[in-house]
Amino acid sequence: MTVMTLAGAINAGLRAALAADPKTMLMGEDIGALGGVYRVTDGLQAEFGPRRVMDTPLAESGILGTAVGLGYRGYRPVVEIQFDGFIFPAFDQIVSQVSRTHARTNGVVSLPITIRVPFGGGIGSAEHHSESPEAYFAHTPGLRVVSPSTPQDAFTMIQQAIASNDPVLFFEPKRRYHVKGEVDVDRPLADAAPMGGANVVVTGSDVTLLAYGPLVATAMDAATAARAEGISIEVIDLRSLAPLDLDTLAASVQKTGRLVVTHEAPGFGGLGAEIVASLTERCFEYLEHAPVRVTGFDVPYPPAKLERHYLPDLDRIMDGVDRALGRVGAEAGAAS
Amino acid sequence: MIQTPLSAERADQDAASRTAVGAVADAATQADADEQASLARLVSTSGERLPNAELDPWVAELDAAAIAELYQDMAVIRRLDAEGTALQRQGEIGLWPPLLGQEASQIGSARALRGDDFVFATYRDMGVAWARGVRPSDLNRVWRGATASGWNPYEVNMAPLQVIIGAQTLHATGYALGIQNDGADAVALTYLGDGASSQGDVNEALIFAASYQAPVVFFCQNNHWAISEPVGLQAHRPIADRAPGFGIPSMRVDGNDVLAVLAATRLAVERARTGGGPSFIEAVTYRMGPHTTADDPRKYRDPADLEIWAPRDPLARIEALLRGLGAFTREFEQQVADAADTAAAAVRAETIAIAQPAAHELFEHIYAEPHSGLARQRAEYLRYLAQFEEPTESGQPSTDGGAR
Ligand SMILES: Cc1ncc(C[n+]2csc(CCOP(=O)(O)OP(=O)(O)O)c2C)c(N)n1
């Protein structure tokens, strides 16, 4: 076991993937000498050279479009989008090309492109640096969407994403980049839990609380706080946002009969809506209360001084748990 | 000076051979010298007024007092820029993108405009905003994270600073189409960086501008860096050379020479104003500071580059020019110092006084028309917050506080 930060674990995973397969290459703005604005690619250009760790011109559509061509040529491009809010110039290439080339070629051409995106808020940043655009991509057939919440998962899942023959959006919870954890760097990838599976991180019996990426830690704090009040929360880290591991999620809801979903992205048309709908379809007769979403509000991500009001925090998640328990007097703090 | 990825790679491969590395360094020095020699310039680094047949007429009327005003503008924004970095270091604002080294590019171009012209600029263009009449602390309201935009765009005829690289060039082009449709004689001026020149949006803007002969001026501040990426990664030839391929005339000027920048921009603006269509100006300058206060350039650039650029300082050469004209007097120096001090003290006091926005502001201005979904969300959230508040004397719970 090695203690690493989440950012350091992604760096180690990228290094392992570059070493394992000469067709793997990294592309992005400022990922070379600088090592990325968050230093996630630190040292990799020095180690693997400028043709395998490429600083690209400042053009996101260009990065994704050329990644498609490299994919046709048998490469595995791992693309860094510098910040969540800068993925939109590449949206056309991702949605119209990356996602559907396999289908368009009747399965002949696969595009094993990994798109790394530091995402989410809570870092007091400027406009376009704190967004949660995952639902756009989860909504797009042909793309897989994942988000790790721990250094171990970050290390394993980035390698699994690169190994996948499908395009994968890899959403990195940037406010958790510096959180440290133990990472088993020696365990063979083949022995790791699959990228598509959810992980029950706290077992409980009263309420199922679903979170991913930046909010998993907050959800676990909620479970701790609730325990003191005699409430038993089961926290599940989704890990994979598309596809969803509905079997694991449904088993939990069938046990607890109550469901709370939380994410930073706006609630309207967000992943929470899909998760609640899918689980209601599967578990309707087990539910003892309407499912509850605790999400960002339906506004553009706000200026830094307002973000504490926008982001779901411990109190708002606890309020959501109260509502899922049907507690009288609970006020609506959720976004939907 | 211009490092291409190719030369960097070559340097890597030949690291064993000192002569080869030396050759690359010599090539870079030569490229820098060639670049400097190719620029349109009106004032040498030592403050000599240089003749230039194309540009001279556009600054012919400038007397020493007018040049002194340009100097004072540059000195004030340099001071405000330093204050921005200091305020960030002290935690009063979240981030600051320094413009140090780019004072002449920003003042020379912005001072070529009329009040009814319209500007679409970027996050680094505080000096442009200053010249348009934006209160510096209104910029800091944005950098402090208190508001999405610090000013009314129609009051200063300048859009909010743009963070999405290159997007504003299309906005300027569209604004110019509107001017054209209206039969007005205003002009749109847009700022972009060397990095931005790679974006699809910028190339699309050039096409739209050329197709409709829109009254728009593209002003590219080539400060040699896009964060850590040298301009050679974005352009294999001078960026100004691209515009003629789109059918747009272009000019490459010394971006550290405020007179040359003013003259070139006046020329381009007048062309647009009189139906001559779009122009592209590449102002060759240098980002002397970090990309932002969050950046550490030591990771990617040789500090020796700064020594090459320091003698090309935009203020020093105008000081020398004014001295030659007998206009850089003690009184003038004092006046400039006072103006800079006053501006700096004001921005500091006003920035520190910027209030924490109230919770309900999260929901303001999202839509122009009432929106039932958002109205409900707002009411629910304010009710939720009210549970955490001590009742105030008026009996009304305040909604400004956080949940905890
Ligand atoms: C679409 C988009 N991609 C990436 C970024 C991140 N970013 C901010 S500034 C910058 C470099 C811009 O360089 P340049 O256009 O030369 O302007 P300069 O910062 O040098 O003034 C980058 C990559 C962004 N803001 N927008």
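**A helix pair in chain A and its surroundings**

Author: In chain A, the axes of helix α9 (residues 246–256) and helix α10 (residues 271–283) come within 10 Å and cross at roughly 60°. The structure is a predicted model, and the description that follows should be read accordingly. An angle under 35 degrees would count as roughly parallel, and one from 65 to 115 as roughly perpendicular; α9(A) and α10(A) are therefore oblique to each other. The crossing in which α9(A) passes α10(A) is right-handed.

The contact itself can be listed by residue. From α9(A) come Leu246(A), Asp247(A), Leu249(A), Ala250(A), Val253(A) and Gln254(A), and these meet Ser278(A), Leu279(A), Arg282(A) and Cys283(A) of α10(A). By class, the contact of α9(A) with α10(A) comprises six nonpolar, two polar and two charged residues.

Pro243(A) is found in the loop between β12 (240–242) and α9 of chain A. The peptide bond that leads from Ala242(A) to Pro243(A) is cis, its omega being near 0°.

In the first, the axes of helix α8 (residues 167–182) and helix α9 (residues 200–212) of chain B come within 7 Å and cross at roughly 15°. With angles under 35 degrees counted as roughly parallel, α8(B) and α9(B) are therefore roughly parallel to each other. The crossing of α8(B) past α9(B) is left-handed. On the α8(B) side, the residues in contact are Ala167(B), Thr169(B), Leu170(B), Thr173(B), Leu177(B) and Gln180(B), while α9(B) contributes Asp201(B), Val202(B), Glu204(B), Ala205(B), Phe208(B), Ala209(B) and Tyr212(B). Eight nonpolar, three polar and two charged residues make up this contact of α8(B) with α9(B). In the loop between α9 and β3 (216–222) of chain B lies Gln213(B). Phi of Gln213(B) is near 50°, which is a positive value in a residue other than glycine.

In the second pair, helix α3 (residues 64–89) of chain B packs with helix α14 (residues 330–352) of chain B at an angle of about 35°, the axes being 9 Å apart. The crossing of α3(B) and α14(B) is right-handed. Among the residues that meet here are Ala68(B), Tyr71(B), Val76(B) and Leu80(B) of α3(B), and Phe332(B), Val336(B), Ala340(B) and Val347(B) of α14(B). The contact of α3(B) with α14(B) divides into 14 nonpolar, three polar and four charged residues.

About 3700 Å² is buried between chain B and chain A, 59% of it on carbon and sulfur atoms. Lys299(B), Leu362(B) and Tyr384(B) supply 17% of the area that chain B buries against chain A, more than any other three residues.

Charged pairs complete the account. Side chains of opposite charge can pair when their charged atoms come close. One salt bridge is counted between chain B and chain A. In it, Asp42(A) is joined to Lys299(B), and the closest N and O atoms are 3.0 Å apart. Over all chains, the whole structure holds 38 salt bridges. Within chain A, one such pair is formed by the side chains of Arg116(A) and Glu80(A), at 2.9 Å from N to O. Arg116(A) belongs to strand β5 (residues 114–119) of chain A and Glu80(A) to strand β4 (residues 76–80) of chain A, so this pair ties together parts that are 36 residues apart in sequence.

Conventions
Residues numbered from 1 in each chain as written. Chains lettered and ligands numbered in written order. Predicted model: local features only at pLDDT ≥ 70, side-chain atom pairs only at ≥ 80, totals over all residues. Heavy atoms only, no water. Axes fitted to C-alpha atoms, helices over the stretch in contact; angles between N-to-C directions. Helix = DSSP H or I, 4+ residues; strand = E, 2+ residues; numbered from the N terminus. Parallel < 35°, antiparallel > 145°, perpendicular 65-115°, else oblique. Left-handed = near helix turned anticlockwise from the far one by under 90°. Contact = heavy atoms within 4.5 Å. Nonpolar A, V, L, I, M, F, W, Y, C, P; charged D, E, K, R; others polar. Buried area = accessible area lost by both parts, 1.4 Å probe. Salt bridge = Lys/Arg side-chain N within 4 Å of Asp/Glu carboxyl O.
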